[in-house]
Structures are given as structure tokens and as C-alpha cells.
Amino acid sequence: AADASTGLVLTSGVETASDGTPVHYEIGTMLVPENRSKRESRQIGVGVLRVKARVTTKAPPIFLLVGGPGLTLLDTIGDKSASARHRLRYWLDYSAGADLVIVEQRGFTIRGDMLKLRYPAMPLDRPATVADNVAVTLALAKTASTRNPGHDLAGYTIAECADDVDAVRQALGYPRISLLGASFGSQWSFAVMKRHPGIVARALISAVEPLNNGYDMPSQVYAAMQRIAFEAEQDKALQPYIPAGGLMAAARAVRDRLATGPIVVTLAGEAGGSIAVTIGLGDFQQSLVDHAATAAGWPAFVIDLYHGRYDRWAREVIDGRKAFDTNLISPLIDTATGVGAKRERQLLTDPALDIIGPWNFATYLASADTWPTEDLGDAFRLPTRDDTPILFVQGDWDTNTPIENLFGILPYYPNARTI
């Protein structure tokens with residue numbers, strides 16, 4: 001067991017999984033430098049949880065790296081909801097023959113700091129625009145440090161997160177580890193392998209997001225939508241509602257309609273009266289992508305808008321323009337990871353920009369130099385050959401991490417297999 005000399009002390013506890021099985025765990029806080037590039041950096045806490053293997057084997061421990069940035073799994077402890085109890089059941093499966101270790105993300109850790117960012121409310125009387133988003137994001141970036149006194153925000157990068165994983169590995173006394181990561185967790189896994197070659201025995205990576213692919217290519221997101229549309233159009237129950245030309249033609253028609261000018265939708269207010277919202281092309285571009293992330297509801301969204309049924313969408317837009325709190329580490333980590341010059345050029349000239357828009361990357365490209373974290377550079381983010389055995393699992397309906405991410409990275413991993 002780890003002790004105070006390593007910066008990590010674990011205490012024991014027990015929870016109950018969905019099938020009634022007890023889940024014995026250890027939980028603690030790893031103390032790590034906030035910014036390893038500075039010798040006098042203060043120490044910050046990062047949460048760590050371990051479920052020991054039910055059967056002792058020689059298998060290396062499984063380090064589960066969650067997505068986000070800005071997600072945690074340690075809130076499972078003490079949560080009596082059905083979803084949390086099912087998650088505990090998965091933990092038992094993972095730890096059947098290997099220790100399971102969960103490392104939280106610095107700056108979004110229950111056992112340390114939860115750094116927050118508040119986005120202001122956006123006006124309802126004009127449509128969303130990239131320029132407005134850039135202006136808001138730049139203002140937040142300029143004040144991030146002053147709003148978080150005592151924190152060295154330059155230390156909140158994916159490279160530091162990778163170093164935290166290695167620090168936990170050393171503190172727990174593991175020579176090598178296996179990785180399990182999805183989405184940002186997959187990008188985090190790539191960072192661990194890049195920063196600490198040789199410590200990863202094998203990995204299971206899904207929803208693949210390479211280090212240079214944090215900003216999605218519009219045409220690749222569009223291609224995933226095309227695949228969803230094709231399958232939906234084969235459904236006999238849905239066919240009577242498919243507009244002429246299919247779902248992609250319907251989406252294009254809505255796009256062209258809104259490109260001529262915004263619409264105003266007036267709804268009944270919650271406390272009586274009415275509320276009006278102006279919706280434009282930018283709102284549609286964002287919503288088209290957001291709805292595609294849940295493929296089952298995406299056809300209905302497109303069909304509704306094609307027929308001018310805007311009320312449900314308008315309520316979503318109104319909710320989306322309210323002020324909201326979110327995590328601070330997302331922009332810090334994502335702008336520091338960034339993209340190489342070649343990919344940036346491809347993003348800015350992508351042929352699907354007219355329908356998808358640049359919402360996935362425009363604000364971060366414009367504000368990257370303003371956030372406190374520094375660009376990690378091409379030597380870090382561009383792929384190089386890695387002989388680690390990896391099982392990649394990817395879906396071709398994935399609009400958050402398109403399948404082309406996987407195809408682009410496969411040549412660099414000669415020992416990889418793919419589902």
C-alpha cells in the first residue's frame with residue numbers, strides 16, 4: 001500500500017454493486033506539482049481510487065482514464081443511484097484479474113480543486129454567431145488567472161495529466177500498467193504513452209481521439225451523419241416521414257433557408273406571457289451536430305425543422321443561451337494540446353464548413369494564445385510509431401470522435417487490432 005512518503009495515502013471503504021455484490025475499494029489523494037516546469041511549484045491534490053483484483057494474477061493493473069475533460073468517476077462513491085450501482089458492477093468486472101485504478105483529472109477532482117468557468121447569458125434577440133462566441137471566450141481567457149488566484153493555470157495540460165498517471169503508478173509500486181480510455185480518455189492514454197514510453201503493457205481505447213485530433217474535421221462529422229441518415233432511411237416505420245431526397249437533403253434545405261436570414265420563434269412563457277428567440281444559421285449548425293450525437297433522435301430533429309416545426313428546437317436554443325457554469329480545465333487542456341499547422345489548414349478549408357460550421361474549433365483557435373497554458377507543440381501531438389499492443393473499438397456513427405480519427409492513427413500502431 002502507498003504511504004505518505006510517496007504523496008499518496010489510501011483509506012478503505014465498501015459499496016454495493018447493482019447485483020448486491022460488495023465492492024471493496026481504497027480512495028485517497030495524490031499530491032503532485034501544479035506545474036512541473038517550475039521547481040518551486042505548489043502541490044495540488046488529484047483523486048485516486050483502487051479496486052484490488054479479486055483473483056491475484058500477474059496482469060498489470062488497469063488504469064481507467066475518464067473522458068471530458070471535466071468528468072469524474074469518484075462521485076460514484078456514496079451515490080446510491082441505479083447508474084452508480086451498475087458502474088460499480090463494471091468495476092468488479094474490470095478488477096476480476098487485475099487491480100483497477102482510477103486517476104482523476106487535475107483541476108476537476110473531488111479530492112482537490114474543482115476549477116469552474118461561468119459563461120454569460122447570450123441575447124435572445126439575435127442569432128448565435130462565431131464572432132460573439134470568440135469575443136466571450138477571449139474575455140474569459142483574459143480573466144482566467146485573476147479569477148483563480150493562487151493557481152498556476154499554466155500547469156493544467158494533458159501532458160501534466162499524463163505525468164499524474166505515472167506519479168500514481170510509481171506511488172502504488174506498479175512496474176507497468178494497462179490503460180482503458182474513451183474519447184478524451186483515449187487522448188489522455190495517447191499522452192501517457194507519448195510522455196512515458198514503455199510503462200504501458202497494453203491498452204483498450206475507444207471513441208478514438210488522437211492528440212492532434214482534438215478539433216473534429218467538419219467533413220468527417222458530416223460523413224457520420226450521412227451514415228446515420230442512410231440507416232434511418234431503410235427503416236420502414238420511418239420511411240413515410242422522410243422528405244423527398246432524404247434526410248441529408250432535408251438538412252441542406254434547412255441550412256439554405258436559414259442562410260437567407262434568421263427566424264423569430266415566439267413561445268408561451270413559463271409564467272404566462274410569451275418569449276421570443278431569434279434563431280439563425282449558426283444555431284442550426286450547432287444543433288445539427290449536437291443532435292447527431294444521439295442518433296436515435298437525429299432524424300426527427302431534421303424532419304421537424306424541414307417542415308417548419310421550430311417550437312421544440314426554440315426551447316432548446318433558449319436554454320442554451322442561459323448563463324451556465326462549466327469546468328475550466330477544458331479550454332486550458334484543449335488549447336494547449338491544439339493542432340498542427342497542416343490540420344489547422346484542413347479545418348479552415350474543409351468543404352463541409354458551410355453546413356457544419358467552425359463551431360468545434362473556431363473559438364479555441366482564436367483564443368489559444370490568450371489562455372494561460374502554452375502550446376505543447378508538434379513533437380508532442382503528432383503521432384509516432386508505438387509498438388504497444390492496443391485494441392481499438394470504434395463506431396462509425398460517432399460524431400464526437402469520427403471514425404477517420406482511428407483510420408489516421410492505425411499505421412502508427414503496428415501491434416493494434418480493431419473492432
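**Legends to close-up views of a predicted model**

**Figure 1. Overall fold of the protein.** Among contacts (heavy atoms within 4.5 Å) between residues at least 6 apart in sequence, 75% join residues at least 24 apart. The model is predicted: local features need pLDDT of at least 70 and side-chain atom pairs count only at pLDDT 80 or more, while totals for chains, interfaces and linings use all residues. Residues are numbered from 1 along each chain as its sequence is written, and side-chain values use heavy atoms, with hydrogens and water left out. The protein has 15 helices and 13 strands; helices (H or I, at least four residues) and strands (E, at least two) are DSSP runs, numbered from the N terminus. Along the principal axes, the C-alpha atoms fill a box of roughly 65 × 50 × 50 Å. Of the 419 residues, 51% count as buried (buried is under 20% relative accessible area, exposed over 50%, partly exposed in between; 1.4 Å probe, protein chains only).

Figure 2. Strand β9 (residues 263–268) pairs with strand β10 (residues 274–279) in the antiparallel sense, over 6 bridges; two strands pair if DSSP finds at least two bridges between them. Val265 stands opposite Val277 in β10. Between the two strands of the hairpin lie 5 residues, and Gly272 in the turn has a positive phi of about 90°.

**Figure 3. Strand β12 and its two partners.** Strand β8 (residues 200–206) runs parallel to β12 and is joined to it by 4 bridges, with Leu391 in β12 as the bridge partner of Leu204. Strand β13 (residues 416–418) also pairs with β12 in the parallel sense, over 3 bridges; here Ala416 in β13 is the bridge partner of Ile390. In a regular strand the side chains alternate between the two faces of the sheet.

**Figure 4. Ala293 and its contacts.** Ala293 is in the loop between α7 (281–292) and α8 (298–306). Ala293 counts as partly exposed because its relative accessibility is 42%. Apart from neighbours within four places in sequence, Ala293 is in contact with Thr399 and Asn400. The C-alpha atoms of Ala293 and Asn400 are separated by 6.7 Å, although the two residues are 107 residues apart along the chain.
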